[in-house]
Amino acid sequence: MPQSVQVRNTHELYYLKTQRAQEKMERSEKGSKQRLRVCVATCNRADYSKLAPIMFGIKSQPEIFDLEVVVLGSHLIDDYGNTFRMIEQDEFDIGSKLHTIVRGEDEAAMVESVGLALVKLPDVLQRLAPDILLVHGDRFDALALATAASLMNIRILHLEGGEVSGTIDDSIRHAISKLAHYHAVCTRSAERHLISMCEDHSHILLAGCPSYDKLLSAHKRDDYADIIKSWIGDEVKEQDYIVALQHPVTTDIKNSIKIYELMLDAIISFNKKTLILFPNIDAGSKEMVRVMRRKGIEQHPKFRAVKHVPFDQFIQLIAHAGCMIGNSSCGVREAGAFGTPVINLGTRQTGRETGENVLHVRDADTHNKIYHALELQFGKRYPCSKIYGDGNAVQRILKFLQAIDLSEPLQKKFCFPLVKECISQDIDHILETQSALAVDLGGTNLRVGIVSMKGKVVKKYIQLNPKTFGERIELILTMCKQAMVDAVHLNCRILGVGVSTGGRVNPQEGVVLHSTKLINEWSSVDIRTPLSSALHLPVWVDNDGNCAALAEKKFGHGKGVENFVTIITGTGIGGGIIQHNELIHGSTFCAAELGHIVVSLEGPECMCGSHGCIEAYSSGLALQREAKRLHDEDLLLVEGMTLNNKEQVNAVHLINAARLGNSKAESALHTAGTALGLGIVNILHMINPSLVILSGVLAEHYENPVRQVISQRALDSAQGTKIMISELEDPALLGAASMVLDYTTRRTY
């Protein structure tokens, strides 16, 4: 019994212990929800002026927020006033001071400073473990903060993102915005910019500038005269002095130093008391300080040169100045709240929203130009501007912080807008720009074309085909090189070269084995090697009839047809056979020599040496021969036809004579069509295609005779074969191009 009690007590103790631990965890979780751990990191005097009002607001609500302060950058450098002391004077506990500035004040030093900050920040952020980090603006130190926090899965609230100004600051500001999870912006335009940058609208607060919470009540301060006297001199009156503050432009250091020197010369000439602040720590500041000292500004009776002025006093000095000059954001932002006239020099604030109080001197290239701007602006007063805030920014930001849901996934999401399909990704655009160089070696002309994937001849080049091999190769290369130059301007990417030529071709080797008599010195010719070596492109070569079939298969009536024959009617007769979607070459590359199908044992002699071939009856040369015979017998010309003595008789004259009723010409043309029809009947009986395509200049004249012969001579099972006239204008060029385009897009022919 006592043992069972002991067991029961052990279980009860374990249960009670577990229950207490769970309650403690719940209380801890509840407490953590009530106190948001906020880390504010400040890098210099300028960003502290924006962050300080928020820090005071956080500090005033200890039941909601737990504030941690990290100080780095130029705050800790003596030459820049050791401005961390003003943070201590404001009674903030600085949790960490990080010396992150590598001296040198040049571009390399800025990069090294970012690197040093990235080395030191992880330990601090890991120790503090904030729920959210507040980062301000567009400084390189802030970029290091945002980079470290984002990589350590710490939520980031970025202040004053989305704004547009000049120099490298724009790039840094936008980079921080892309790393940040939440944004508190000053203006409606900045909000729109962030939305256009695909930031989540629900994570953007239009708060206004926190510093405006102080600015807009600054006129109520009664001791401004004492502040003016303490910083500028006893004899200086309100609106009778200048505040000068100019920083280097890191993307154009040389020019910004020149503008700084011109500004100093203009102020010296203007002869008014001037409070001038040292430039910030950006690359080029050291050179600017040298210019200041070379001109004796620190000893000049009209100048008071200082490294730092506390912000609450600085805004009094700006509010009651006769003019502010330089390129500080304070001039185009805060000064507008008082209507203080401002002269903005150079490009550092290009694009920044400004009130009417700002006079821009973007090309500040002369002393006189700046001096004239001082004459125009000094002593004026402008209406107060509230572009950057209405005095309630801090209140909004604190509410925004409280509303952050820490249980929300940390992974940042971008809100990409719906956009129209970009033309650069449109399939039609791809088809238009991927192109081939096509070469057609005809009996008379040598043609080169730039042919797009869609079969459009983008540009064509025509020259007479030279008689010798050397001249022909040289001309092909010259025309192809010119086409490649033009292709760049036509936005065509050349994938390779296709060559269509008469005769028998070994396409595997790119060699013309035996050419027609129409092309001299064109047998046992390696075309591929010289073209590929000179143009640095892959080269394909095939017979012109085969190319015509390939053109129909890719671009014409043969698209999607498994078995068809193309017959090309021109100077000679050629063709190509597509069987089971493959081009037929034959064992010795002699297949589809359709022009040399014999249709009569006693027919006229063909150029191949045989008799009665289709080509001997139906080619352009055969029709020319008949036209000459009739002309010699004075049987060609009829009423409506003329022929001068110098004009050479050709096939066109025979066709015209037949059209005008010349029975002899009609008979010759009918014989030619019948011979072609007989040849096609033989083809139908041999390979039984589903389609025959007539191509070339004579095709339309042969369509009806061919149909008639098929209806009379073909077997019943072949009677239904379709006969169509090609609609392609350049079948040889298109076929040559198709070899390139099909292979390079991983399709075979």
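Does C480 count as buried or exposed, going by its relative accessibility?

Reply: C480 counts as buried, at 0% relative accessibility. Buried means under 20% relative accessible area, exposed means over 50%, and partly exposed lies in between, with a 1.4 Å probe and protein chains only. This is a predicted model, in which local features need pLDDT of at least 70 and side-chain atom pairs count only at pLDDT 80 or more, while totals for chains, interfaces and linings use all residues. Residues are numbered from 1 along each chain as its sequence is written, and side-chain values use heavy atoms, with hydrogens and water left out.

C480 sits in helix α17, which covers residues 469-489. Helices (H or I, at least four residues) and strands (E, at least two) are DSSP runs numbered from the N terminus. If neighbours within four places in sequence are set aside, C480 is in contact (heavy atoms within 4.5 Å) with L437, V439, V448 and L535. One of these, L535, is 55 residues from C480 in sequence, and their C-alpha atoms are 7.9 Å apart in space.

V599 belongs to the loop between β24 and α20 (614-618). Not counting residues up to four places away in sequence, V599 touches G612, I614, Y617, A675, L678, G679 and N682. V599 and V681 are 82 residues apart in sequence, with 10 Å between their C-alpha atoms.

Two strands pair if DSSP finds at least two bridges between them. β23 (residues 573-579) pairs with β24 in the antiparallel sense over 2 bridges, and Q579 has E582 in β24 as its bridge partner.

Two loop residues have a positive phi although neither is a glycine. For A129, phi is about 45 degrees; this residue is in the loop between α4 (107-128) and β4 (132-136). A129 is partly exposed, at a relative accessible area of 45%. For D634, phi is about 55 degrees, and its place is in the loop between α21 (620-632) and α22 (651-659). D634 is exposed, at 68% relative accessible area.

Now the whole chain. The secondary structure of the chain comes to 25 helices and 26 strands. The radius of gyration (over C-alpha atoms) is 44 Å, well over the 27 Å given for 749 residues by the globule rule (2.2 Å times the number of residues to the power 0.38), so the chain is more spread out than a compact globule. Along the principal axes, the C-alpha atoms fill a box of roughly 125 × 105 × 40 Å. Of the 749 residues, 53% are buried, C480 among them. Of the contacts in the chain with a separation of 6 or more, 67% come from residues 24 or more positions apart. The chain exposes about 34400 Å², 51% of which is supplied by carbon and sulfur atoms; accessible areas come from the Shrake-Rupley method with a 1.4 Å probe, and for residues only the protein chains shown count as cover.
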